[in-house]
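Have the model open and follow along.

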Amino acid sequence: MSTGVGIWRCKACGTGYFPERLLCARCHGHDFVADRVTEGVIEEITVVRHVLSQTDWTPKRLANVRTTNGPRMTVGLRDESGPGTVIALFEEGNAPFGAAKAAP
Ligand SMILES: [Zn+2]
């Protein structure tokens, strides 16, 4: 597991993207640098209850997240956090996940 989720940030205007784009939608720049976002706010939750050909599937929660200083992205949610919760973002096996930040 690694902290944060990798994104691409436009060199010219700083807009963040996930996944990578060929051209920046804002300034049409085409130079991007790798960056990481480490937290975001949950905007919406989706529960995936059934998947074709999976017989022992357990429901999984997906969160649409507005990342801090970055793009919106969908991550697997590891806890019962709801909309409005600030979650920490991390990667496992190149897939993005999130869970409520531990109390300081
Ligand atoms: Zn740009």
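In what order do the strands of the open sheet of 3 strands sit, and is the pairing parallel or antiparallel? The order is β3-β2-β4, and the pairing is antiparallel. β3 (16–17) and β4 (32–37) are the edge strands; each has a single partner strand, so one side of each has no neighbour in the sheet. Between β2 and β4, which run antiparallel, there are 6 bridges. If you want one to look at, C10 has F32 in β4 as its bridge partner.

Keep in mind that this is a predicted model. The protein chain has 104 residues, and 33% of them count as buried. As for contacts with a separation of 6 or more, 41% come from residues 24 or more positions apart.

Now for the inside. In soluble globular proteins, nonpolar side chains tend to be buried together. Here the largest nonpolar core has 11 residues: V5, I7, V37, I42, A63, V65, M73, V75, L77, I87 and L89. β2 (5–10), β6, β7 and β8 (86–92) each put at least two residues into this core, and β7 gives the most, with 3.

Leaving aside residues up to four places away in sequence, V5 touches F18, D35, R36, V37, M73, L89, F90, E91 and P96. Of these, V37, M73 and L89 also belong to the largest nonpolar core.

Next, the largest pocket, which holds about 190 Å³ of space. Its lining is made up of V48, W57, P59, K60, R61, L62, G76, L77, R78, D79, E80 and F97. β6 (60–67) and β7 (72–77) are the elements that give two or more residues to that lining, with β6 giving the most, 3 residues. Here is how the lining divides by residue class:

| Class of lining residue | Number in the largest pocket |
|---|---|
| Nonpolar | 6 residues |
| Polar | 1 residue |

Note on methods: Residues numbered from 1 in each chain as written. Predicted model: local features only at pLDDT ≥ 70, side-chain atom pairs only at ≥ 80, totals over all residues. Heavy atoms only, no water. 1 Å grid on protein atoms, 1.4 Å probe; cavity = no way out; pocket = protein on both sides within 12 Å on 5 of 7 lines; lining within 4 Å. Points joined across faces, edges and corners; volume = space filled by probe spheres on them. Helix = DSSP H or I, 4+ residues; strand = E, 2+ residues; numbered from the N terminus. Nonpolar A, V, L, I, M, F, W, Y, C, P; charged D, E, K, R; others polar. Core = buried A, V, L, I, M, F, W, Y, C linked by side-chain atoms within 4.5 Å. Buried < 20%, exposed > 50% of the residue type's maximum accessible area, 1.4 Å probe, protein only. Contact = heavy atoms within 4.5 Å. Pairing = 2+ DSSP bridges.
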